[in-house]
Amino acid sequence: MTEHLSLRDAQLLTLNGQGFTFGAPISPATNPAIAQPTSVGHVIDRLGLLQIDSVNVFERAHYLPLFSRLGAYDKAELDSLTGGQHPSVIEYWAHEASFIRTENLPLYKWRMDAHRQKSIEDAKGNSWANQNREFLAWLKMEIETKGPLTNAQIDHDRKLRPAGKGGWWGWSDVKRGLEWLFLVGDLVSGGREGFSRRYASPEQILPMDVLERLNTANETDSRTALLTQAARTFRVATDKDLADYHRMKLDKVRPILQDLTDSGVLTRVKVEGWSEPTFAFSESLAQETPTAPSVPRTTVVSPFDPLVWFRPRTARLFGFEYRIEIYTPKERRLFGYYTLPILHDGRLVGRLDLKSDRKARLLLVQAAWHEPGLSKTEIRQAASALKRHLKEIQKWQRLDDVIIEPVGNLASFLA
C-alpha cells in the first residue's frame, strides 16, 4: 500500500533532512541523521557536499549553506578541513564542483572513468586530451615532482592562451590540462590559495585507505551509496530529484532505486499534487512525525544550496519559482543580480538581492521581495524576523551597517 503525504509533510520532512531546526531538539550524539547540525563537519555529513561557485558579490557559495544552518560560524572552521596532507574535506565534481568528505572520493571513481573513456579513449582519437597526450604527461610529472601547485606556479610556454581562442572559459592550455587531469582523477585538489585550486597527485594528498578504495571502487555500489545519501538528505524526493543530487542519468538511477525500494531503504509514496515517481527515506517515515517548527527559523539560502538548487523541485515543493539572474541583462532582471531565497517558518516567502560592500563596510539589500499571496500580518512577521537576521548577517560578514534600498515590495517593511 502506497503511503500518502501532504505537501506540508513533504516540506517539513525535507527541512528536517536538510538540517534546519524543526521539531524538538535532538542531540547529534543520539541521532545525527535527525538532530540539528552543530558544526561544519556535521553539516557536510548531512548534505554530502557543499557546492563551490566563484561569485563573491555577497559570499561564496560553499560558505552559505553552513551559515543558513549554523548561524554566524567561523569560516576558518571549513578552511581548516581542506588542504594539506590527508585533509578531512576535498574537492571533486559531485553535484557541480563541490567540497566532499575525502573518504567519499572513491564513490565518484565511476565518473572519473567515464570522463576518461569519453575523451582520451574515444575511437576516433580526435579529442583535445588525445591530441595532447605528451603535454598532459608533462603536466602530471610536473605536479608529481614539484607539487602541489596552482596553475600560476607552473611555467610552460602554453600558459598563455592565444588571443581570440575561445572555449573552456578562456583557459590557457595549462589550466585546461590541469582541469582534465583533475576530472579523471590523475590529479586531486590540494586545497586552495585564495580561490585558486592547488593540484596534487593522489599520493601526495590522500590517505592510503582512500587510495586503495579508488582502485577497487565498484560503480553500482558507489551509485547506490550516493543515491542513499541523497534520499536521506531529501527525505522525500522524485526519481529526478535524486538523480540530480549527484548528477546521474535517470536510466542509471531507476534500477538502483527499485533495489533500494525492494530492500526497504526507500518507500514509494504519493505526495499531494505530485505526479512523478516519488520515494521517501523509510527510516525517516518511521522516526520523524512532521510537526510545526518548535522555533521558527528565518535565514537566507544560497542559490546553490541543496534546498533550492534543483529548480523544478523548488517549484514543486514550495511553489517558489526561482532563477539566479547574474547572467540576465540588467534591464531584464525581475528581482536582482544575486537574489537569495528567504526561508521563514518552514516556507520560502521571498528573496533578497544582497551585496557585501567590503570597501564601504556595508551590507546592501539592493532589493527585497515577498511572495504573492502573503497576508499583511505574514509579511510583517517575516520582515521582523528578517531584520534580526540581516543584523546577524552583517556581523558575520564583519560589516558596520545594513542599508535597505527602496526596491521591491518587501523593502518598505524592512526599512
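**Close-up views of a predicted model**

View 1. Tyr245 and Trp309 are both buried, where buried means under 20% relative accessible area, exposed over 50% and partly exposed in between (1.4 Å probe, protein chains only). The model is predicted, so local features need pLDDT of at least 70 and side-chain atom pairs count only at pLDDT 80 or more, whereas totals for chains, interfaces and linings use all residues. Residues are numbered from 1 along each chain as its sequence is written, and side-chain values use heavy atoms, with hydrogens and water left out. The structure holds eight aromatic pairs; rings of Phe, Tyr and Trp (its six-membered ring) pair if their centres lie within 6.5 Å, and planes under 30 degrees apart count as stacked, over 60 as edge-to-face and the rest as tilted. Tyr245 and Trp309 form an edge-to-face pair, with 5.0 Å centre to centre and 70° between the planes. Because Tyr245 lies in helix α12 (residues 239-245) and Trp309 in the loop between β11 (298-300) and α15 (311-318), the pair ties together parts that are 64 residues apart in sequence. Helices (H or I, at least four residues) and strands (E, at least two) are DSSP runs, numbered from the N terminus.

**View 2. Further aromatic side chains.** One aromatic cluster is formed by Phe67, Tyr73 and Trp396. Arg223 lies over the face of Trp110, at 3.8 Å from the ring centre. Arg316 is placed over the face of Trp274, at 4.8 Å from the ring centre. A charge sits over a ring if NZ of Lys or CZ of Arg is within 6 Å of the ring centre and within 35 degrees of the ring normal.

View 3. Ala237 lies in strand β8 (residues 236-238) and counts as buried because its relative accessibility is 1%. Leaving aside neighbours within four places in sequence, Ala237 is in contact (heavy atoms within 4.5 Å) with Leu242, Pro277, Thr278, Phe279 and Arg313. Ala237 and Ala280 are 43 residues apart in sequence and 6.5 Å apart in space, C-alpha to C-alpha.

**View 4. The lining of the largest cavity.** The lining residues include Thr82, Pro87, Phe99, Ser189 and Ile205; such residues have an atom within 4 Å of a point of the cavity, a set of points on a 1 Å grid over the protein atoms alone where a 1.4 Å probe fits but cannot get out. Strands β3 (89-93) and β6 (188-193) each supply at least two residues of this lining.

Terms used:
On a 1 Å grid over the protein atoms alone, a cavity is a set of points where a 1.4 Å probe fits but cannot get out, and a pocket is an open set with protein on both sides within 12 Å along at least five of seven lines; lining residues have an atom within 4 Å of a point.
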